Amino acid sequence: MTRTFLSLSRKGAALGSAAMITVLALPASAQDAGVDPVMSGIMERLDRLEAENARLRAEVDFMRDTQARPVPASAQPHAAVVSAPHGASAASVPTIASGGDGETAGLVGFDSEYGYAILDHAERTNTKPLYQLRAVSAGKLRNRVTLSGGATVLANYQHSNVDDTFGYLMRHPTGANQNGKHVSEAVIHSAQLAVTAQLTDGVTAFSELLYDPQQSFGGGTLTALSRNQIQLRRGWIMLGDLDRTPFYFLIGKMDVPFGLNDTVSPFTNSTNWHAFAGLAYGAAAGYADGGLSLRAMAVQGGAQFRAANAPVNGTSIPSRLNNFAVDGSYEAQLGDLGSARIGASYLHGSAYCQDYPVVHFNPCQARNPAWAAYGTAQIGGLTLLGEFARTTDEWAGTKVPDPTNPLSVFDAVHVTSMTVGGRYGFGTEADDAAQPEFAVSAEFSRFTAGDDGAPWEAQSQLVAGLSWFPASNVNLFGEYVRAEGFVPLNFLSGGNLPGGATWSRQDANTNVFLLGIQGAF
């Protein structure tokens, strides 16, 4: 745009100069003689030149007035201008901000720190809208549009003591994808592309496209087309500006504000996330001021994308806003020691409401609410977290109703999940660095869905992790994972095998050795 202004200004100056040169170039005798036809032609030409010059100046003024976000002179060295396509004017080419620190201001930009955080599946799992508002308030997203993208690739080896029975939760354990007692793979676990657009002051739009063949609900093997689809994982339009008001509002497809559901592990989500992290259509409102955060969401009824289900006239048809969630947390500074955060949540309709036999997305006859409590602490380089979630009612599907089935001796139970973990970051020389260079972590989590002694009683997970961040947006990591028990959600208590048997079992153990890279821009 700056180049266009200069071009138009130079053109106007050139036209004015041409007029002056024309007058000066006339023979002196013609000027002295006062020849009327000659002077008349000169005056007509001057009028045309003045009109052209006025039009060009008007175009310059119009473009200056309508340019929404001019690039300041201090930021211009950090910006790259895309070459104009053949036949296009320079004015039609957007400015692409290449800086990642929020210093530039143009039409399209990138911020690698923001991109990694907004797409990370391990942390800020249900607080991304608030993180987004804080990023805007911090001046990190000065461009009209911020593009983000990321990918996670894995190489792993898994061993189970039972054929075709692998309890590792970061991929759907199906016989179509895991055969025998030993499996290994080198795959892309996920890839994402996101757009954050500041439509105007206080109005932010967000959309995230996700490719996740390992955790897709599609059938078949890992290479089946049904598992290799791209979905809109999240998307919303949000009203909010923390510099003006602590309130914000959004509508779209988003994470349900229930529990913490974060992990200190580099890659593997906790069982709390797998059991209670909701993803649903709905409308949300929040309040954030100082360390206080309050959130509420009206959740669409029926069986939602993840971990939310409220029946609609005994069906799973999502035709009413008849579910909701609320969450409150407070973070306190502990002086030079660090900070601590505590919170609690309530979900009016959890996913644990189906009757026997349990099939995901099936309709429920009644709601089964859930509550959660959690806490985190940051003490120097040490991060600690703990979380507990539980349904308020027993899950009907955990009871086999057929009295002739030997499994009917086990009573229905409340569903619970708990997580405890810690991570220590080190190796960064800069005191103000947002991301330590190295981190070691350990986390234990447990999902309980059955009576004592039932084959579907519980599944536990222990994760030991190591991360190396050569840059704040690239994580090279390794994990050892031990999963004890095999309790898939579908047909958890049986109903799909001959004689009413169940494929859940407590004696199945899985060991996973995993290396991976997660990066984002």
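This is a predicted model: local features need pLDDT of at least 70, side-chain atom pairs count only at pLDDT 80 or more; totals for chains, interfaces and linings use all residues.

Colleague: Start with strand 6. How many of its residues are buried?

Modeller: Burial is judged residue by residue, with under 20% relative accessible area as the cut-off. Strand 6 covers residues 203–211, and seven of its nine residues are buried, so the strand is largely enclosed by the rest of the structure.

Colleague: Which strands pair with strand 6?

Modeller: Strand 5 (residues 182–200) pairs with strand 6 in the antiparallel sense over nine bridges. On that side, Gln-192 has Leu-210 of strand 6 as its bridge partner. Strand 7 (residues 230–240) is also antiparallel to strand 6, and nine bridges join the two. There, Ala-205 stands opposite Ile-237 of strand 7.

Colleague: How should I think about the side chains along such a strand?

Modeller: In a regular strand, side chains alternate between the two faces of the sheet.

Colleague: What lies between strand 5 and strand 6?

Modeller: The two strands form a hairpin with two residues between them. Gly-202, in the turn, has a positive phi of about 85°.

Colleague: On to the cores. Which residues touch the most other members of the largest nonpolar core?

Modeller: That core has 44 residues, and Val-256, Phe-258, Phe-276 and Trp-456 touch the most other members. Elements that each supply at least two residues of this core include helix 4 (112–119), helix 5 (128–137), strand 7 and strand 15. A second, separate core has 10 residues, among them Tyr-168, Met-170, Val-187 and Val-481.

Colleague: What does Trp-456 touch?

Modeller: Leaving out residues up to four places away in sequence, the contacts of Trp-456 include Val-400, Leu-407, Phe-410, Val-487 and Leu-492. Thr-398, Ser-504 and Gln-506 are also among them.

Colleague: Now the backbone. Where is phi positive in a residue other than glycine?

Modeller: Ala-307 is one case, with phi near 60°. Ala-307 sits in the loop between strand 11 (302–303) and strand 12 (309–310), and counts as buried because its relative accessibility is 9%. Phe-361 is another, with a positive phi of about 75°. Phe-361 is in the loop between strand 14 and strand 15, and its 34% relative accessibility makes it partly exposed.

Colleague: Is the peptide bond from Tyr-356 to Pro-357 cis or trans?

Modeller: Omega is near -5°, and the bond is cis. Pro-357 lies in the loop between strand 14 (338–347) and strand 15 (370–379).

Methods:
Residues are numbered from 1 along each chain as its sequence is written. Side-chain values use heavy atoms; hydrogens and water are left out. Helices (H or I, at least four residues) and strands (E, at least two) are DSSP runs, numbered from the N terminus. Buried means under 20% relative accessible area, exposed over 50%, partly exposed in between (1.4 Å probe, protein chains only). Two strands pair if DSSP finds at least two bridges between them. A nonpolar core is a set of buried Ala, Val, Leu, Ile, Met, Phe, Trp, Tyr and Cys residues joined through side-chain atoms within 4.5 Å. Contact means heavy atoms within 4.5 Å.
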